[in-house]
Amino acid sequence: MQTRSGSVGSLEEGKETVVTIRSTQFKSPPLRVLQLFVLYLAVCIAFSIISIYTIQHFGIYSVITTVKSNFVTCDEEPNDSLDHWRKPPSSLLHSMNDKELFWRASFATRIKKYPFNRFPKIAFMFLTIGPLPLSPLWERFFNGHEGLYSVYIHSLPSFKAEFPPSSVFYGRHIPSQISEWGKMSMCDAERRLVANALLDISNEWFILLSESCIPLYNFSVIYHYIKKSRYSFVDSFDDPGPVGRGRYNESMAPEVTLTQWRKGSQWFEINRSLAINIVEDIKYYPKFERFCQPECYVDEHYFPTMLAIQASNLLANRSITWVDWSRGGAHPATFGNADISEEFFIRIHEGNECRYNNQPSSICFLFARKFAPGALEPLLEISAKVFGF
């Protein structure tokens with residue numbers, strides 16, 4: 001009996017022990033679980049405090065806006081997303097070097113129809129040493145035709161312009177470098193002007209001018225003459241003489257052969273397609289830079305030759321800028337105060353014959369040079385009667 005009773009007692013004691021252990025497992029969670037729970041409560045309390053503080057000081061809308069601005073779906077694109085391409089640069093000043101500028105300017109749309117109302121403009125590009133002494137005449141020429149033209153000026157980097165804010169020339173100087181007559185730096189300056197003008201998608205035609213140039217007609221006549229022309233006015237011809245083919249260097253082959261060598265006036269008018277050809281060129285530029293050194297006068301050969309090779313069917317092969325070489329020498333004649341008269345310009349207007357859109361025309365020149373600063377006053381006096389502005 002005692003043994004049996006002891007067995008039962010031991011069993012009962014074993015049961016009690018088991019029950020005791022199980023009750024301990026349910027009533028006392030592990031310490032790790034308690035630590036994680038406390039940490040979670042601390043994070044929640046801290047987030048709540050920060051949220052309340054932010055809303056009190058900045059407002060609930062600013063918090064929501066900040067979060068929402070990081071998530072932009074396709075249907076939330078701003079309505080003016082084309083403005084970066086459609087509008088001209090707000091300032092002509094930039095930090096791009098020539099390589100970067102030409103790369104950026106060489107962008108071209110492959111879809112010819114624009115998705116916005118585009119009014120094609122003429123880019124008037126002035127290649128100067130410094131001031132524009134005939135600017136009052138040009139101001140009168142541009143007046144009333146805003147939106148149909150752009151102005152760009154390349155001068156010596158040290159020159160500081162002083163045009164008033166009301167002037168069409170105010171803020172129109174581009175980042176420039178020193179250029180020398182007859183050297184490749186002159187072509188670099190012209191390419192720089194073209195490239196900066198290409199940054200405005202509305203510029204369709206590009207006219208190179210100097211500080212001694214004047215318009216021979218009013219703006220409307222010149223605009224429609226350029227707009228309706230099937231060709232660009234680049235002077236490009238084969239001169240068999242010593243100042244033509246005589247300047248050719250055989251080292252320019254095979255890119256440029258003797259039969260492809262051309263000469264022409266520095267002053268041109270080109271359309272947007274040819275302007276892109278000029279700034280994107282890396283094939284012909286090295287040859288002209290290396291092998292067309294003075295006395296080659298690269299500004300008379302580089303563009304006339306390159307464009308004749310690439311797009312001869314788009315060239316009128318004549319310039320629209322009148323000059324007088326009758327006095328001889330390396331430079332054309334310069335006209336001053338005493339030269340200006342109605343009769344002088346009648347001879348320019350009526351003494352020429354050319355072809356316009358493959359038809360005979362008596363209007364051959366739209367601009368003329370070279371005019372000295374002293375010619376300004378008499379030019380202003382006769383501009384309404386002679387030029388129509």
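Colleague: Why does C354 count as buried?

Modeller: The model is a predicted one. C354 has 14% relative accessibility, and buried means under 20%, so C354 counts as buried.

Colleague: How do you know that C354 and C364 form a disulfide?

Modeller: Their sulfur atoms are 2.2 Å apart, and the criterion is a pair of cysteine sulfur atoms within 2.5 Å. The pair links distant parts of the chain, ten residues apart: C354 lies in strand β7, and C364 in the loop between β8 and β9. C364 is buried as well, with a relative accessible area of 4%.

Colleague: What makes the disulfide of C292 and C296 left-handed?

Modeller: The torsion about its S-S bond is about -80 degrees, so the disulfide is left-handed.

Colleague: Why is C187 in no disulfide?

Modeller: The nearest cysteine sulfur, that of C292, is 8.1 Å away, whereas a disulfide requires sulfur atoms within 2.5 Å.

Colleague: Which residues have the most contacts inside the largest nonpolar core?

Modeller: They are F124, W138, F345 and F371, in a core of 52 residues. Helix α13 supplies the largest share of this core, six residues. Apart from it lies another core of 47 residues, including M252 and Y284.

Definitions and conventions. Residues are numbered from 1 along each chain as its sequence is written. This is a predicted model: local features need pLDDT of at least 70, side-chain atom pairs count only at pLDDT 80 or more; totals for chains, interfaces and linings use all residues. Side-chain values use heavy atoms; hydrogens and water are left out. A nonpolar core is a set of buried Ala, Val, Leu, Ile, Met, Phe, Trp, Tyr and Cys residues joined through side-chain atoms within 4.5 Å. Buried means under 20% relative accessible area, exposed over 50%, partly exposed in between (1.4 Å probe, protein chains only). Helices (H or I, at least four residues) and strands (E, at least two) are DSSP runs, numbered from the N terminus.
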